[in-house]
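Please consult the sequence and the model shown here while reading.

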Amino acid sequence: MPQVSELVRYPIKGCAGNSLSGVDLTPSGPRHDRAFMVTDENGVFRTQRGSPALARVRPEIDHDGGLLTLRGEGVEELILGVDTEPPRREVTLHGMSYRGIDQGEEAAEWFSEVIGAHCRLVCVPPEHERTTDGLTTGTSAYADSCPLLVLSESTLDELNDRLAARGESGLPMDRFRPNIVISGWRRPHTEDLARRVTIGETELGYAKPAKRCGVTRVDQRSGIKTGPEPIRTLAEYRTSATRTGVFLGSKFAVLRTGKLSLGDEVLVDVWGESEL
């Protein structure tokens, strides 16, 4: 029986995730997912592509979203009361302009020490509006695009088999930073075919295949960028005639909010054909 085997929320874009036993799914994904973002002094978002040390930051957010705890190697723990009152400032995410609420000097200094470059920490304002693209449109906070990234265990197993065949070590699931991991789908890339999915109280709609970038080369424990894998191997079998890049996993929009829990059965209501 296909079911949810992992649930992960990423409070701060680019930083480590929180493994959860259950989470409230909102229109923009798991509650508080990518609700915060680290930027440079000009408001341009920072990512593991350029700042792999972000992976070593382990944030936690309380249920109400009012208290953010930051932990990292070699720095003191910082507990922040999330401020939603300061004036908004312009931030830039993949060339698009949005608004963010700056979380102050203490947070900026903490991240600047960890990253080794000037940083600011912002949170998404309550009035944030953003429409995501794909076959099913939706909304998200500061995620790269769609609110949910879904990846099945069999999809990763196939990649790791291919890596092993060329003498490379297998990669853990966290290298691909999914929100929902599904076990029980025997056929790899079944997430590419599911168009309407019911899980627990929620319903998801397929948006598009997940394009993979250099973040997949960053060890999520050490924050160190490794060699060419998995991009090199994915380029051998996970490309598209109509899209640039390589792909693994699928992006989904939220059609019905509600509770998601580990062990929830995954029911596919509508199937389609792969876009790759």
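## Basis of the report

Buried area is the accessible area (1.4 Å probe) that two parts lose on being put together, summed over both. The model is a predicted one, in which local features need pLDDT of at least 70 and side-chain atom pairs count only at pLDDT 80 or more, while totals for chains, interfaces and linings use all residues. Residues are numbered from 1 along each chain as its sequence is written, and side-chain values use heavy atoms, with hydrogens and water left out.

## Two domains and their interface

The domain assignment, which comes from an automatic or database source, divides the protein chain into domain 1 (3-29 + 132-271) and domain 2 (34-129). The C-alpha centres of domain 1 and domain 2 are 23 Å apart. In terms of contact (heavy atoms within 4.5 Å), 27 residues of domain 1 meet 34 residues of domain 2.

Between domain 1 and domain 2 an area of about 2500 Å² is buried, and carbon and sulfur atoms give 58% of this area. On the side of domain 1, the residues that lose the most area to domain 2 are Ile12, Lys13 and Tyr142, which together give 31% of what that side buries.

A salt bridge is defined as a side-chain nitrogen of Lys or Arg within 4 Å of a carboxyl oxygen of Asp or Glu.

The side of domain 1 that touches domain 2 consists of 11 nonpolar, 8 polar and 8 charged residues. In this classification Ala, Val, Leu, Ile, Met, Phe, Trp, Tyr, Cys and Pro are nonpolar, Asp, Glu, Lys and Arg are charged, and the others, Gly among them, are polar.

Thr26 belongs to strand 3 (residues 22-26); strands (E, at least two residues) and helices (H or I, at least four) are DSSP runs numbered from the N terminus. With a relative accessible area of 14%, Thr26 is buried, a term that means under 20%, whereas exposed means over 50% and partly exposed in between (1.4 Å probe, protein chains only).

Not counting residues up to four places away in sequence, Thr26 touches Arg31, Val254 and Thr257. Thr26 and Val254 are 228 residues apart along the chain, yet their C-alpha atoms are separated by 7.4 Å. A polar atom of the Thr26 side chain lies 2.8 Å from the backbone oxygen of Gly29.

## Salt bridges

Side chains of opposite charge can pair when their charged atoms come close. The structure holds 19 salt bridges. One of them joins Arg34 and Asp33, with the closest N and O atoms 3.0 Å apart; Arg34 is buried at 12% relative accessibility, and Asp33 is buried at 3%.

Glu105 and Arg120 form a salt bridge at 3.1 Å, N to O. Glu105 lies in helix 1 (residues 105-115) and Arg120 in strand 11 (residues 120-123), so the pair ties together parts that are 15 residues apart in sequence. Arg120 is buried, at 11% relative accessibility.

Arg166, Glu168, Glu229, Arg232 and Glu236 are linked in a network of salt bridges. The closest N and O atoms of Glu229 and Arg232 are 2.8 Å apart. Glu229 is buried at 8%, whereas Arg232 is partly exposed at 34%.

Methods. A polar contact is a pair of N or O atoms within 3.5 Å; within protein, one must be able to donate a hydrogen and the other to accept it, and residues adjacent in sequence count only if both atoms are side-chain atoms.
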